[in-house]
Amino acid sequence: MEITSAMLAGTGTDELWSLIASRARAASNADVALVMLPTDDPNWLTTVAAAGEGADTLLGQRVPLNGSITGLTLTGEPQLWKDWAEHTDLYPPARSWVAPFGPGMGVPMVDPEGVRLGALGVAKRRGRPNFDDLDVAMLSSFASQAVLAKQQEEHRAQAEGLRLLEERDRIARDMHDHVLQELFAAGIRLQSMAAAADAEPRAQLRQRLLETVATLDDVIGQIRMTIFGLRPSPVPYQQPGDGVRQRVLDVVRDATPSLGYAPSIHFNGPIELVDDAITGDLLAVVREALSNTARHAHATQASVDITVNGSGLTVRVCDNGRGIGDTTRRSGLRNLRVRAERHHGTFTIDSPGEGADLTWNVPLPPERAGDPV
């Protein structure tokens, strides 16, 4: 039960091997227990976990599949022996490792498809009573848990591979839907300006150039956000070492499943200068605003814009949903106004009928505010 609970809790495979070895040693009243698995070379086995007397010596030791008691256990039936060091199938260099031990037993770890994954063995010091068939049956139950641990490791690797593929698909969609289209449009505008450069008034041409530069700046920002989004956070918005930018990205990422789409997000100015006293409220505002959008707006698009400049910090969350028309939803956003007033700021909602535009603005301490860098 303890081993199963550890697996369900997400314990790492290495820790599970150690736990299995430790509990197998205790339950069998042995002096040492070890788990051995094939190496990259299938003709060799290595000790991945050991518990009890001599564990440090046994851990990491290698033995051949052919010509060792472990190899015999893995390829054959469960083994019982009276003297480990004198066993006829013992790999000769291993005799010095197991010299203090006499009685022992080993069982193969076999998955439901019959594939033999490794071996689990225990031993007692010389002079202690031998193991029997009931001990072998007990050890086999631990071997079954070890098989589950091995399968869990494989499933985690597969899940991580799927997660990486999904992340690549998301990035490809974002780049295609936003970045590439914007770049294509900017290229069209530049070609148009080049063709009309001689005839178009200079002021008008200048304005069109500035608009195109702004578009390219926005594209650069989107690419930067995609790159930042590749950095995972193991515990969302709770890691003290994470920057404000990454913690906001984590909040937006967590809101994506309930929204059904990924909101766009833009940062302007030195957001890293926002101190901890305001960061907590900043994250709460983004989280609450996106939560309300997911629950009430029935929107297909949402955006989060965060700006830090000389006037302070501004958070703007917009969606294209059905707007805010009932008091229930307004009361759900009341705490955002309270968070703004706590910092002598303001909170406004603009909902003309369709869509909603939430703006949360607070001043920053003079030493923290500044123009965008």
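Modeller: On a 1 Å grid over the protein atoms alone, a cavity is a set of points where a 1.4 Å probe fits but cannot get out, and its lining residues have an atom within 4 Å of a point. This is a predicted model, in which local features need pLDDT of at least 70 and side-chain atom pairs count only at pLDDT 80 or more, whereas totals for chains, interfaces and linings use all residues. Residues are numbered from 1 along each chain as its sequence is written, and side-chain values use heavy atoms, with hydrogens and water left out.

Biologist: Which residues of its lining lie nearest the centre of the largest cavity?

Modeller: Of the 15 lining residues, Met36, Val63, Thr70, Trp84 and Trp97 lie nearest the centre. Strand S1 (32-38) and helix H4 (69-75) each supply at least two residues of this lining; strands (E, at least two residues) and helices (H or I, at least four) are DSSP runs, numbered from the N terminus.

Biologist: What makes up the lining of the largest cavity by class?

Modeller: That lining has 11 nonpolar, four polar and no charged residues.

Biologist: Why are H8 and H10 called roughly antiparallel to each other?

Modeller: Helix H8 (residues 276-297) and helix H10 (residues 334-342) pack at an angle of about 160°, with their axes 10 Å apart. Axes are lines fitted to C-alpha atoms over the stretch in contact, and angles run from 0 to 180 degrees between N-to-C directions. Angles over 145 degrees count as roughly antiparallel and those under 35 as roughly parallel, and H8 and H10 are therefore roughly antiparallel. Their contact (heavy atoms within 4.5 Å) is made by Asp281, Ala284, Val285 and Glu288 of H8 and Asn335, Leu336, Arg339 and Arg342 of H10. By class, this contact has three nonpolar, one polar and four charged residues.

Biologist: At what angle do H7 and H8 pack?

Modeller: Helix H7 (residues 244-259) and H8 pack at an angle of about 15°, with axes 10 Å apart, which means that H7 is roughly parallel to H8. Among the residues that meet are Val244, Arg247 and Val248 in H7, and Thr279, Leu282 and Leu283 in H8. The contact of H7 with H8 has 11 nonpolar, three polar and two charged residues.

Note on methods
On a 1 Å grid over the protein atoms alone, a cavity is a set of points where a 1.4 Å probe fits but cannot get out, and a pocket is an open set with protein on both sides within 12 Å along at least five of seven lines; lining residues have an atom within 4 Å of a point. Ala, Val, Leu, Ile, Met, Phe, Trp, Tyr, Cys and Pro count as nonpolar, Asp, Glu, Lys and Arg as charged, and the others, Gly among them, as polar. Angles under 35 degrees count as roughly parallel, over 145 as roughly antiparallel, 65 to 115 as roughly perpendicular and the rest as oblique.
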